[in-house]
Every structure is written in structure tokens, then in C-alpha cells.
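Biologist: I've got a new model to look at. Can you walk me through how its parts pack and pair up?

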Amino acid sequence: MIFVDRQSGVPVYEQIVKAFEKEIILGLLKPDTLIPSVRTLSTTLSINPNTVQKAYLELERRNITYSVPGVGRFVSSEGAAILKREAAKEEEMLREAVTHLKRADYSEEQLVEMVRKIFREERDVNSSNVSFSCILRII
């Protein structure tokens, strides 16, 4: 089930993308599973259909889903693998940042405090998502 939090500061279309990604990674949405139509999801969530369309186009652009004209949108057979590869790349970026900072003599406690500071800063600007690029900017 997909929920959106209009108060989070995260764009609704991004929340929809993340919700589908999570369900795919967890195996709740299997390859070739039909996902709700734009109209159905927009009605269910009481949001503009253009917002759902934007999320769906992002998922399709990344080959997480695919469309069959006149039928609907489906989870691609490579969806979970693509998401896992993306997560691995993000983890590698974080690993490189931590390695760099450790070589600069930062302690684990200092690194953890840096990450907490970034989360606080991001939260203060009404965003609940911290990207790895935010962490990398401290290098």
C-alpha cells in the first residue's frame, strides 16, 4: 500500500517512487505485476494525476517498470536488480567518503556526528531524505 505525507517536505511524486521501490526491493511487487493505473492511484491518494504520472515516468525512465499500451504498467523483470545496483553504488559512495575522512583522522564519533548534523540540517529545510551527495559535500 502506498501512502504519502504532504507535510514531509518531500515531493509527493518522489514519495510514490520510493514507495514502489521499497515494495519491489522487499519482493511485495514481483516482476510483471500490474501496478495501479494513474487514475486509480491518484484517486486513492487524492492527488493530481499528473503527480502520479511524473512518478511513473521516473520509474519507467530507470527501467524499474514498463508500459504496455492499452494494458497498463508493470514491474520490470530487472526492477529489483536495478534498485539493488543503485543501492550498492550509493553504499560505495558512502564507503569512499568514510574512508577518506578516516584517513583525515576523523574518529567514528566525529563521522557519526557529521551525519547527524546533516540529517538535522536537511530536516530543518523540510526534507526527510538525505542524499549521499549531502554527505559527500563535507569532504
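Predicted model: local features only at pLDDT ≥ 70, side-chain atom pairs only at ≥ 80, totals over all residues.

Modeller: Start with two helices. Helix H1 (residues 12-25) packs against helix H4 (residues 79-103) at an angle of about 105°, and their axes are 9 Å apart. Axes are lines fitted to C-alpha atoms, for helices over the stretch in contact, and angles run from 0 to 180 degrees between N-to-C directions. Helices (H or I, at least four residues) and strands (E, at least two) are DSSP runs, numbered from the N terminus.

Biologist: What does that angle make H1 relative to H4, roughly parallel or roughly perpendicular?

Modeller: That makes H1 roughly perpendicular to H4. Under 35 degrees counts as roughly parallel, over 145 as roughly antiparallel, 65 to 115 as roughly perpendicular, and the rest as oblique.

Biologist: Which residues make the contact?

Modeller: From H1, Glu 21, Ile 24 and Ile 25; from H4, Gly 79, Ala 80, Leu 83 and Lys 84. Contact means heavy atoms within 4.5 Å.

Biologist: Which side chain does Glu 21 meet at 2.6 Å?

Modeller: Arg 62, in a salt bridge (2.6 Å, N to O). The pair links distant parts of the chain: Arg 62 sits in the loop between H3 and strand S1 (65-68), Glu 21 in helix H1, 41 residues apart. Arg 62 is buried too, like Glu 21. A salt bridge is a side-chain nitrogen of Lys or Arg within 4 Å of a carboxyl oxygen of Asp or Glu.

Biologist: And Lys 18?

Modeller: Lys 18 also forms a salt bridge with Glu 21 (3.4 Å, N to O). They are 3 residues apart in helix H1, so about one helical turn separates them. Lys 18 is partly exposed, at 45% relative accessible area.

Biologist: New topic. Where is confidence lowest?

Modeller: In helix H6 (residues 132-136), with a mean pLDDT of 45. Helix H3 (residues 49-61) is highest, at 97. pLDDT is the predictor's confidence in each residue, from 0 to 100. The protein chain averages 87.

Conventions:
Residues numbered from 1 in each chain as written. Heavy atoms only, no water. Buried < 20%, exposed > 50% of the residue type's maximum accessible area, 1.4 Å probe, protein only.
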